[in-house]
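Please read them with the sequence and the 3D view side by side.

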Amino acid sequence: KAAAPAKAAKAAAPAKVAPKKQKVGLGGLSAPAWAGGSGACSADDGVASTEAAGARVVTSDAPSGSPLSANLNHIDPSKNTDKYYVLQVLEAPTGAFYLYTRWGRTGTGGQSKLEGPHQEAEQAVQAFEKTYKAKTGT
């Protein structure tokens, strides 16, 4: 029998490189400040670096007219957990609506995300309610 021809060496496949994930840090920024007892709320400082810069916090259609903004905290000393989560519905000067979220360990700038633009406020409000329920269970 004749010897089988040698198999051609397989070309080495290029190594797969995972895409880099760049997180936006917000070091040194504070959480939203509530303006006295007036019910007004300012947009989080992290918004200034997004396309929604100059946005205002949207108020609900409820009779109270309260701002659509939540500052959540989760503290569990037994697990060394101390974190915050900020949710805000914003209206940009362009008239577009956004859901802004910011989270991190207390005392840090954390990370943020801007969801939108939405053409209608109701779309951003629904995203706010869905996220709020996922974080609080209520």
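**Notes on the predicted model**

1. Aromatic pairs. There are two aromatic pairs in the structure. One of them is formed by tyrosine 85 and tryptophan 103, whose rings are stacked, with 6.2 Å from centre to centre and 20° between the planes. Since tyrosine 85 lies in strand 5 and tryptophan 103 in strand 6, the pair ties together parts that are 18 residues apart in sequence. Tyrosine 85 has a relative accessible area of 16% and is buried, whereas tryptophan 103, at 28%, is partly exposed. The other pair is made by phenylalanine 128 and tyrosine 132: the ring centres are 6.3 Å apart and the planes stand at 15°, so this pair is stacked. A plane angle under 30 degrees is what counts as stacked here.

2. The second pair in its helix. Phenylalanine 128 and tyrosine 132 both belong to helix 1, and four residues, about one turn of the helix, separate them. An α-helix has 3.6 residues a turn, so residues three or four places apart point the same way. Phenylalanine 128 is buried, with 9% relative accessibility; tyrosine 132 is partly exposed, with a relative accessible area of 29%.

3. Overall layout. Keep in mind that this is a predicted model. The chain contains seven strands and one helix. Along the sequence the order is β-β-β-β-β-β-β-α. The chain has 138 residues, and 30% of them are buried. Of the contacts with a separation of 6 or more, 44% are between residues 24 or more positions apart. The accessible surface of the chain is about 9,600 Å², and carbon and sulfur atoms account for 55% of that surface.

4. The length of helix 1. Does the span of helix 1 agree or disagree with what its 16 residues should give? Helix 1 covers residues 121-136, and at 1.5 Å a residue it should span 22 Å; the C-alpha atoms at its ends are 22 Å apart, so the two agree. Just after helix 1 comes glycine 137, which has a positive phi of about 80°.

5. Which residues of helix 1 are buried? They are Ala124, Val125, Ala127, Phe128 and Thr131. These residues cover an arc of only 160° around the axis, and therefore lie on the same side of helix 1. Lys130, Lys133 and Ala134 are exposed on the other side of helix 1. The cover over the buried residues of helix 1 includes strand 4 (69-76), strand 5 (81-91), strand 6 (97-105) and strand 7 (111-118).

6. Threonine 81 is located in strand 5. Threonine 81 counts as buried because its relative accessibility is 16%, and the cut-off for buried is under 20%. Apart from neighbours within four places in sequence, threonine 81 has contacts with His74, Ile75, Asp76 and Arg105.

7. Partners of strand 5. Which way do strand 3 and strand 5 run, parallel or antiparallel? Strand 3 (residues 56-57) and strand 5 run antiparallel, with two bridges joining them. Here valine 57 is opposite leucine 90 of strand 5. Strand 4 is also antiparallel to strand 5, through eight bridges; asparagine 71 has valine 86 in strand 5 as its bridge partner. Strand 5 and strand 6 run antiparallel too, joined by nine bridges, and lysine 83 is opposite arginine 105 in strand 6.

8. The turns on either side. How many residues lie between strand 4 and strand 5 in their hairpin? The answer is four, and asparagine 80 in that turn has a positive phi of about 55°. Strand 5 and strand 6 form a hairpin as well, with five residues between them; in its turn, glycine 95 has a positive phi of about 95°.

Definitions and conventions. Residues numbered from 1 in each chain as written. Predicted model: local features only at pLDDT ≥ 70, side-chain atom pairs only at ≥ 80, totals over all residues. Heavy atoms only, no water. Buried < 20%, exposed > 50% of the residue type's maximum accessible area, 1.4 Å probe, protein only. Contact = heavy atoms within 4.5 Å. Areas by Shrake-Rupley, 256 points an atom, 1.4 Å probe, with all protein chains shown as cover. Expected span 1.5 Å × (residues − 1). Arc of directions from axis to C-beta. Pairing = 2+ DSSP bridges. Phe/Tyr/Trp six-rings, centres within 6.5 Å; stacked < 30°, edge-to-face > 60°.
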